[in-house]
Amino acid sequence: MGIAELTRNAVDVLPEGALDAKLKLGRPLRIKLGVDPTSPDLHLGFAYALENLRAFQGEGHEIVLIVGDYTARIGDPSGRSAERPVLPGEVLDANAQEFERQAYRIIDPARTQVRFNGEWLGKLSYEETVRLCRTMTVARLLERDDFAKRFAAHAPISLSELLYPLMQAYDSVAIEADIEVGGTDQLYNLLAGRDVMEHYGLEPQVVVTYPLLIGLDGEEKMSKSKGNYIAVQDPPDDMFGKVMSIPDDLLDQWWSICLQQAAPQTDPMTSKLALARGIVEKWHDTGGAARAEEHFTRVVRRHEAPEEVPEAALPDGDPIHLPALLVDTLGVGSTSEARRLIAQGGVKVDGAQVTDMDVPRRRLEGAVVQAGKRRFMRFRAA
């Protein structure tokens, strides 16, 4: 397989000619890809990167997944206006293990290494950290787009955030990466890795970036931290419904990235239904896609209750406080969110909208309560 085929979906392959030189070394190359362990989900955008790397594995090369357990304690602001939250170590470790399990649905475990950057970053002495910091100036760091915007807006930037590109670059030193892969928003960090590797006397890595899949909000990249994503392990009904919620102007990109096909020349609804079927079939199966489409048609398009509705017992009391019921049994995030949903007409009892916060018990006994478009529960007497 030639370079053109290996990088056919890439946006950047830098510097020019460097990948060809690496491939001519006649040995398996180490291809570095960073993993955010702040959530266990592998989403469709990251899955696309792994699908592209699977082609390199087919040519005998090795993927090194760098789990940022240590840098997650610093927080990467790439493309963000604020720092990411810091999670306990045991949560990060559990998330990384689950993520790895999902990744092996795409890539070959026999040609994959998983490394935690705490392995080397946790051992850096103060002297070594200062040496690392000498590889880059503050002016160079502030060239990064997100830092530059925040600096110009007088928004706070912590020193720990400024260290992030250096720490990610040191990961490349630690594993002696031949290639580092990331989204286009990571270009600055990946290029910084080249500078730092050269400072440590290593052959600089080749930088390869891939396009960013725009998330469900239609505005920002698909991201676990932003919650605008579809996970590859989402149930078929949820996956189908989420795909159907994307703005029409994302159809071309989603067809290209998620299914690696051109969008059909049809109306947006027909195209979106075909896209949703294709994505569910890809990550589940044909039967799951058919059932998910039937569920979507029945519940969302015809506004009917699904064929199978889970049941729950009503709590004690009369009347029943509806916001608390929605939180406890239908998965609504908070009572304030439940109140807003009720006020907006998003809660129904047996198909009829309810606006009261307290509902007589007899009205709920045996009734189907719907919260939003896809949450249903049938209540029986306790």
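This is a predicted model: local features need pLDDT of at least 70, side-chain atom pairs count only at pLDDT 80 or more; totals for chains, interfaces and linings use all residues.
Which residues of α4 are buried?

Local features need pLDDT of at least 70 and side-chain atom pairs count only at pLDDT 80 or more, while totals for chains, interfaces and linings use all residues. Residues are numbered from 1 along each chain as its sequence is written, and side-chain values use heavy atoms, with hydrogens and water left out.

**The whole chain.** Display the protein chain, which has 17 helices and 13 strands (DSSP runs, H or I of at least four residues and E of at least two, numbered from the N terminus). Of its 382 residues, 47% are buried (under 20% relative accessible area with a 1.4 Å probe, protein chains only; exposed means over 50%, and partly exposed lies in between).

**Helix α4.** Select residues 89-103. The buried residues are G89, L92, N95, A96, F99, Q102 and A103. They fall within an arc of 140° seen down the axis of α4, so they line one face of the helix (the arc is that of the directions from the helix axis to the C-beta atoms). Turned away from this buried side are the exposed residues E90 and Q97.

**The five-stranded sheet.** Move to the open sheet with the order β7-β13-β12-β9-β10 and mixed pairing (two strands pair if DSSP finds at least two bridges between them). Its edge strands, β7 (311-313) and β10 (352-353), each pair on one side only. Finally, select β9 (residues 347-349) and β12 (residues 368-371), which run antiparallel and are joined by three bridges. Here K348 stands opposite Q370 in β12.

How values were computed
The expected span of a helix is 1.5 Å times one less than its number of residues.
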